[in-house]
Amino acid sequence: MTDTTDTRSHMPLGLAQRGYTGVIQHLAAKEAGSALSEVELESRLIELGFVEGARVEILHEGLVGRDPIAVRVDNITIAVRRREAMAIIVA
Amino acid sequence: MEAPLLHLALVGTPNSGKTSLFNALTGSRQKVANYPGVTVERKEGFFVTPLGRQVSVVDLPGTYSLRGRSPDEEITRDFVLGKASGEIVPDIVLCVADSTNLRLTIRLLLELKRTGRPMILVLNMFDIASRRGIDVDVERLAKELDVPVVTSIAVRKGGTADLLKLTDEISAKLAAEPQDNSWRALTVSELRATQREADRIIADCVSLPARPDTWTARIDAVVLHPVGGLIVLALILFVMFQAVFAWAQPAMELLKSGFDSLGELVHATLPDGLLQSFLQNGVISGVGSVIVFLPQIILIFLFILLLEDFGYMARAAFLMDRIMGGAGLHGRAFIPLLSSFACAIPGIMATRVIDDKRDRLTTILIAPLMTCSARIPVYTLIISAFIPAKDVWGFVNLQGLVMFGLYTTGIVSALAVSFVIKFFMIRDYAPAPFMLELPDYKLPRLKSVAIGIFTRAKMFLYRAGTTIFSMMVLIWFLASFPQPPAGATEPAIDFSLAAMIGKALAPLLAPVGFNWQIAVALIPGMAAREVAVAALGTVYAIEGGKEAAEQIGQVLATKWSLATALSMLAWYIFAPQCASTLAVIRRETGSWAWMGVTFAYMLVLAYAASLVTYNVAVALGAG
């Protein structure tokens, strides 16, 4: 699944716990397994402010399967499902 | 010579305060219609600038980009590009930004600039930004963006003065200069580059405080708590329905006695005969018995609009996403479904926020199961006639509890239907993404909420004045003709056309405990659910004379068994009793087949539910 050999600290935001803070490293829309096409998912994430260098913090998570998550992206809050958050690689 | 009408268009991301700016600019001078060929709501308003220029302003659907991935966003794109059919190219595009959250709007603005339209960036909610210590260098921002920038506080009196002044200045300078439109859909890398550019400009012109909005964080700590949040949501819904039932009563009594006195006045003034009967029984008691429900409709819209303006609706979608996901619904379906409590029509139209076709179709199919405000008259009438107004467990009103139960049954059935659709009809189901901005909480503004309620109340009264009025005239005619032969001893209505239709349908409805009067009332009830109440009034009023018209409920209590009343309530949870909803489903799905599916499945559920309810009630001795 996720390649953890070279950059141990890089991980998808979709696996992070509540309270996690980090910085977006890059987007990996291909691996996310979303219903959206790679281009569409990447475009939407960028439009909502998920770009490289943005600071993210997981503020809240839902009841069922800790999903969806409410993510602080710089100074706005975005709700996403973990499945789509797998496309956001953070460290 | 008078200058021609100046055309403005408001563009902005969702939650940018576009609508409150629109309301501030135009007040109640608004026109709501649809764009030709599609059912996206087109809101246009009018105002006059300080220099006396007449202005028309269109509030375009919120969008994050011009890509146009939903019908709403396509409208915004086509309108700005001047490609929308039958629309005038806007003279100036007002790009509206929430001053506390500039990132996404600045990126949108950079994209909009490529269309070559004259533009103004409006930094809305500037007061909130200042209070939070966000410092915007407006002049520098204007220079960096090469776009005039103006601040505004839409919710404060005079808060749009600068914008009005700037509009005058720019419209005076508007030349017939050629406009270069170099816009085309951005690639991912261009999108990323624009966001980088936007972030650079913001870093240069805006100083952000280190801390986020503490109030929003504090409220969210409770409201978005995995368990606590759901309890809060349930409490809000419960209070909403108790309020709709209890608080509206005094105003409803007042309206009711007003219409009663009017009816008596007509009765006393006019000689006995057809005209007197038409005005008193057909027009006044018919239309009056529907208008009486205006207070409840205002209250339910008050709650929905307040929650929306406060910023709670997006939170509700967040909380409900996975729970609704279990039933095959998208979190975004929560808002359309909640709107369906007011009326399925705006609810079904609101499903446009769901991008995925299958998710949207499922939501459309179950939206009519949400208890709309048009059912309230029917529920209220039957509940107040048959359910005692006593308190249970010391503090809960039993009538309110039954009402809550009816709403709950509707919701649970909707989820069950959705689950069945997901399970049997739509295979290979890959959940569409749920991505939603959770805006900072804002105090709802009375003026904005008032305008919203006013618009909807007007729509309801307009419907009462047209569709319902003509149905009432029709049913009065059916109930009055042919006239009984001279010397007949039975009630006049027994000889009428209505009785013939009702009696023809009665055998079909007998197993669920409906008599022919109910069968008669169900027919005009197809025009709008609430008409059934008025129709029952007319049927029984004409049969029983003047006293009956004043107390439909009391009459029902004597004519119906409890089992029939309960069966009627069960019928109304499910029955596809609304021609306009069916018409909207056809329009939104573009298919007669889906409309037919909706009609059929609801009718089957209604008949089954009534059948079970009636027989169980009879078996328990309520027959």
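I began with strand E4 (residues 69-73) of chain A, which five bridges join to E5(A), the two running antiparallel. I took helices (H or I, at least four residues) and strands (E, at least two) as DSSP runs, numbered from the N terminus. I called two strands paired if DSSP finds at least two bridges between them. Ile69(A) stands opposite Val80(A) in E5(A).

This is a predicted model, with pLDDT of at least 70 needed for local features and 80 or more for side-chain atom pairs, while totals for chains, interfaces and linings use all residues. Residues are numbered from 1 along each chain as its sequence is written, and chains are lettered from A and ligands numbered from 1 in the order in which they are written.

**Across the chain boundary**

I followed Val80(A) onward. Its bridge partner in E12(B) is Met435(B). Three bridges join strand E5 (residues 76-80) of chain A to E12(B), and these strands run antiparallel.

Which order do the seven strands of the open sheet take? I read E1(A)-E6(A)-E2(A)-E3(A)-E4(A)-E5(A)-E12(B), with antiparallel pairing. Strand E1 (11-12) of chain A and E12 of chain B are the edge strands, each pairing on one side only.

I then looked up the record. UniProt, in an unreviewed entry, lists residues 11-91 of chain A as "domain: Ferrous iron transporter FeoA-like". Such annotations may be inferred rather than shown by experiment; positions are in the numbering used here and feature names are shortened. The end C-alpha atoms of residues 11-91 of chain A lie 6 Å apart. The span is 17% helix and 36% strand.

**The interface**

I counted contacts (C-beta atoms, placed from the backbone, within 7 Å). On that basis 31 residues of chain B are in contact with 31 residues of chain A. On the chain B side, helix H3 (103-113), helix H7 (188-205), helix H13 (312-326) and strand E12 (435-437) give two or more residues each. H13(B) gives the largest share, five residues. By class, I noted 21 nonpolar, three polar and seven charged residues on this side. Nonpolar here covers Ala, Val, Leu, Ile, Met, Phe, Trp, Tyr, Cys and Pro; charged covers Asp, Glu, Lys and Arg; the others, Gly among them, are polar.

H13(B) lies across E4 and E5 of chain A together with E12 of chain B. H13(B) runs at about 150° to E12(B). Axes are lines fitted to C-alpha atoms, for helices over the stretch in contact, and angles run from 0 to 180 degrees between N-to-C directions.

How values were computed:
Contact = placed C-beta atoms within 7 Å.
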